[in-house]
Amino acid sequence: MRDTHESAPEPIGTTAALEAVCARMAAHDYITIDTEFVRETTFWPVLCLIQVASDDEAVLIDPMADDIDLAPLFALLGDESVIKVFHAARQDIEIFVNLSGHVPHPIFDTQVAAMVLGFGDAIAYDQLVKRVSGAHIDKTSRFTDWALRPLSDKQLHYALADVTHLRDVYKRLTEMLEERGRAHWVAEEMAVLTSPDTYDIKPEDAWRRLKMRVRKPADLAVMQRLAAWRERQARERNVPRNRVLKDDAIYEAAQQQPRDARALSRLRTIHKGIERSAAGAAILDAVAEVAALDREDLPKVPRPPNSPEGAGAAADLLKVLLKLTAEQHNVAQRVIATSDHLDQIASHGENADVPAMHGWRRELFGSEALRLLSGEISLGFSDRRITTVDLTADRQSPDPH
């Protein structure tokens with residue numbers, strides 16, 4: 001057991017020291033990596049600490065140090081001969097993409113691997129460590145201010161534990177994946193996580209983050225323009241989106257469509273004086289642009305597709321089949337299909353463009369879901385358990401021999 005009075009290692013604060021450690025770690029098949037950051041007052045996360053470990057050593061890197069250039073680390077993250085192991089990788093990868101312009105590759109996400117191995121939906125890191133190795137991680141430092149300097153020994157020990165225990169988790173999960181023949185399942189998921197498109201969120205698509213509270217094409221057009229303007233402003237000024245314009249203000253402006261400063265000042269969700277600000281000008285400009293559009297140039301408001309008769313009942317059956325499949329194969333339900341995906345399969349069958357109809361998910365669940373919908377199998381209950389019953393056997397002609 002680690003001596004709790006032992007001093008924490010000093011974070012690396014120079015480019016020369018970082019070059020040396022990255023050169024050593026590049027000789028390994030894999031490294032584990034994690035980050036600590038804050039983003040309460042910014043659009044982009046402020047990277048405060050980086051933790052990296054190989055089989056031989058574990059280090060802390062201070063990206064806020066005056067004399068450090070992270071280029072050696074970025075080169076290591078792009079080294080194709082070294083697997084980068086994360087837990088719940090997406091936020092960490094977004095940080096590195098923003099800083100370097102490149103997606104780390106290849107990667108392995110232990111949270112995804114744990115899901116396909118039946119550890120539950122989106123299991124937390126400390127719970128996964130406990131179940132795999134029995135070790136306990138003190139999470140009390142998790143929400144401390146990582147931007148303050150100096151960092152305490154407690155913070156540094158906590159941060160280092162995030163990558164040292166991750167080594168054991170990675171080794172055990174990869175063994176389990178090989179034993180169960182599921183390594184290619186995780187590989188399919190990593191292809192999504194390492195795709196640049198996953199992190200290229202265009203301002204023109206920012207409206208998709210908002211709830212659909214509009215019902216008219218003109219309202220949607222205003223909402224799209226304001227969401228895109230807000231996204232650009234938040235990125236350029238590096239402030240949270242709601243610091244630029246709150247969601248409720250976008251909804252109300254889209255629905256009320258004020259044509260002048262006086263009408264704008266009467267909106268309930270708009271702060272006083274906004275009619276004299278850049279945000280006020282953006283609202284009035286968006287409303288004016290949409291008012292000048294021809295009807296055929298307005299966007300179509302997304303409508304829920306009309307489900308065929310019986311689709312609701314079919315979706316209910318698919319939920320039972322999903323639960324049965326997850327239990328039989330010891331896989332988290334969420335990683336196979338969501339409720340929305342089941343609704344789409346129930347409505348569109350083979351033509352449903354959802355993950356459950358592709359790759360390993362189709363082999364595991366999608367094909368059986370289609371057989372259930374077509375009446376080739378049914379669900380039964382026997383010995384206090386739900387089972388599937390193959391109905392095609394009764395339809396086959398007897399062998400004449």
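Hi everyone, thanks for coming. Before we look around, please keep in mind that this is a predicted model.

Which elements supply the lining? At least two residues each come from β1 (30-38), α3 (90-100), α5 and α6 (153-180). The biggest giver is β1, with six residues. If you sort the lining by class, you get 10 nonpolar, five polar and 10 charged residues.

Now for a residue I'd like you to find on the screen: Asp126, in helix α5, which covers residues 125-133. Asp126 is buried, and yet it has no salt bridge. How far away is the nearest side chain of opposite charge? That is Lys139, at 5.1 Å.

On to the salt bridges themselves. How many does the structure hold? There are 21, and I'll walk you through a few. Glu179 and Arg172 pair up through their side chains, with 3.8 Å from N to O. Glu179 is exposed, at 59% relative accessible area, while Arg172 is partly exposed, at 32%.

Next come Asp200 and Lys202, whose closest N and O atoms are 3.1 Å apart in their salt bridge. Both partners are partly exposed: Asp200 has a relative accessible area of 43%, and Lys202 has 42%.

The pair I'd point out to anyone tracing the chain is Glu289 with Arg225, a salt bridge of 3.1 Å, N to O. Glu289 sits in helix α12 (residues 278-291) and Arg225 in helix α8 (residues 217-237), so this bridge ties together parts that are 64 residues apart in sequence. Glu289 is partly exposed at 44%, and Arg225 is partly exposed too, at 29%. There is also a network, in which salt bridges with shared partners join Glu368, Arg371, Glu376 and Asp390.

Last, the backbone. As a reminder, most residues other than glycine have a negative phi, and most peptide bonds are trans. With that in mind, here are some spots to look at.

Where do we find cis peptide bonds? One runs from His105 to Pro106, with omega near -10°. Pro106 belongs to the loop between α3 and β5 (107-109). Another joins Arg149 and Pro150, with omega about 0°, and Pro150 lies in the loop between α5 and α6.

As for positive phi, Gln257 has a value near 50°. You'll find Gln257 in the loop between α10 (247-256) and α11 (261-265). Is Gln257 buried or exposed? Its relative accessible area is 16%, so Gln257 counts as buried. Asn330 has a positive phi as well, near 55°, and is in the loop between α13 (311-329) and α14 (333-336). Asn330 is partly exposed, at 35% relative accessibility.

Technical notes:
Residues numbered from 1 in each chain as written. Predicted model: local features only at pLDDT ≥ 70, side-chain atom pairs only at ≥ 80, totals over all residues. Heavy atoms only, no water. Helix = DSSP H or I, 4+ residues; strand = E, 2+ residues; numbered from the N terminus. Buried < 20%, exposed > 50% of the residue type's maximum accessible area, 1.4 Å probe, protein only. Lys, Arg positive; Asp, Glu negative; His and termini not counted. Salt bridge = Lys/Arg side-chain N within 4 Å of Asp/Glu carboxyl O. Nonpolar A, V, L, I, M, F, W, Y, C, P; charged D, E, K, R; others polar.
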